[in-house]
Amino acid sequence: MKKKILYPFHGNTVGGSHVSTFYLIQEINKYDVEIELVFDNKLMLDKLNFSNNNKTYLLKLASKSLLNFHIVINFVKIFFHLINSKPSVVHINDLRTAYLWIIPTKILGVPVIFHYRTRWIKSRFSAFLTFLSNKIFVASNFIEKDIPEKFRKKIVKVNNIFSHRKLKKKEEKNLMYVL
């Protein structure tokens, strides 16, 4: 059965991690893998527009609400999307997306890849989300060294494809082993 990688995107701004993810998806598309992109904002979906034969979904999430009911509403929406989608793995691109996606993903027993491209954020919740991740992708030696020692056994180094545009053979082997 073909593996399915789900890439959730949160928010309405586009940055370097999104561009890097685009190049990563281009590389992964060379293999027998199904890619699913999930956006929670139509603006980002329109800005990125990199579906290229990948399944693309708009999953409208609730904004801030009285008594934080939006947290429960979003959890349920994500949970049921995951049930219907049946991904083999969820590849999380940034901390904001991790806040929403890691817990429902782990409850369903789906492996999570947390892709760090920036410095470690020192918070208990960040550490908890990293603990829940099955693998941590890092883009450089600097980021690898910045991640606390207790999480380093989960690290897979995948250089920033945005700058290299092509995976090195060792990185390609690491990436396909994880998938």
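Alanine 62 is partly exposed, with a relative accessible area of 27%, where buried means under 20% relative accessible area, exposed over 50% and partly exposed in between, computed with a 1.4 Å probe on protein chains only. This is a predicted model, in which local features need pLDDT of at least 70 and side-chain atom pairs count only at pLDDT 80 or more, while totals for chains, interfaces and linings use all residues. Residues are numbered from 1 along each chain as its sequence is written, and side-chain values use heavy atoms, with hydrogens and water left out.

The loop that holds alanine 62 lies between strand E3 (55–58) and H3; helices (H or I, at least four residues) and strands (E, at least two) are DSSP runs, numbered from the N terminus. Not counting residues up to four places away in sequence, alanine 62 touches His70, Ile73 and Asn74, contact being defined as heavy atoms within 4.5 Å. Alanine 62 and phenylalanine 75 are 13 residues apart in sequence, and their C-alpha atoms are 10.0 Å apart in space.

## Serine 85 in helix H3

Serine 85 belongs to helix H3 and is buried, with a relative accessible area of 8%. Its side chain is joined to that of glutamate 36 by a polar contact of 2.6 Å. A polar contact is a pair of N or O atoms within 3.5 Å; within protein, one must be able to donate a hydrogen and the other to accept it, and residues adjacent in sequence count only if both atoms are side-chain atoms. When neighbours within four places in sequence are left aside, serine 85 is in contact with Lys4, Leu6 and Glu36.

Helix H4 (residues 95–107) has 13 residues and reaches 18 Å from its first C-alpha to its last, close to the 18 Å expected at 1.5 Å a residue, the expected span being 1.5 Å times one less than the number of residues.

At the start of H4, a side-chain oxygen of aspartate 94 comes to within 3.4 Å of the backbone nitrogen of arginine 96. After H4 comes glycine 109, whose phi is positive, near 80 degrees.

## The buried side of H4

The buried residues of H4 are Leu95, Thr97, Ala98, Leu100, Trp101, Ile102, Pro104 and Thr105. Their cover includes strands E1 (3–9), E2 (33–39), E4 (89–92) and E5 (112–116), together with helices H3 (69–85) and H5 (124–132).

Threonine 105, in helix H4, has a relative accessible area of 0% and is therefore buried. The side chain of threonine 105 reaches the backbone oxygen of tryptophan 101 at 2.5 Å, and, with neighbours within four places in sequence left aside, threonine 105 is in contact with Leu82, Val90, Val110, Pro111 and Val112.

## Strand E4 and its partners

From E4, Val89 and His91 point one way and Val90 and Ile92 the other way, yet all are buried. E1 and E4 run parallel and are joined by 2 bridges, with isoleucine 5 opposite valine 89 in E4; two strands are taken to pair if DSSP finds at least two bridges between them.

E4 also pairs with E5 in the parallel sense, over 3 bridges, and here valine 90 stands opposite valine 112 in E5. E4, H4 and E5 make a right-handed β-α-β unit, a crossover being right-handed if, with the strands pointing away from the viewer, the path from the first strand over the helix to the second runs clockwise.
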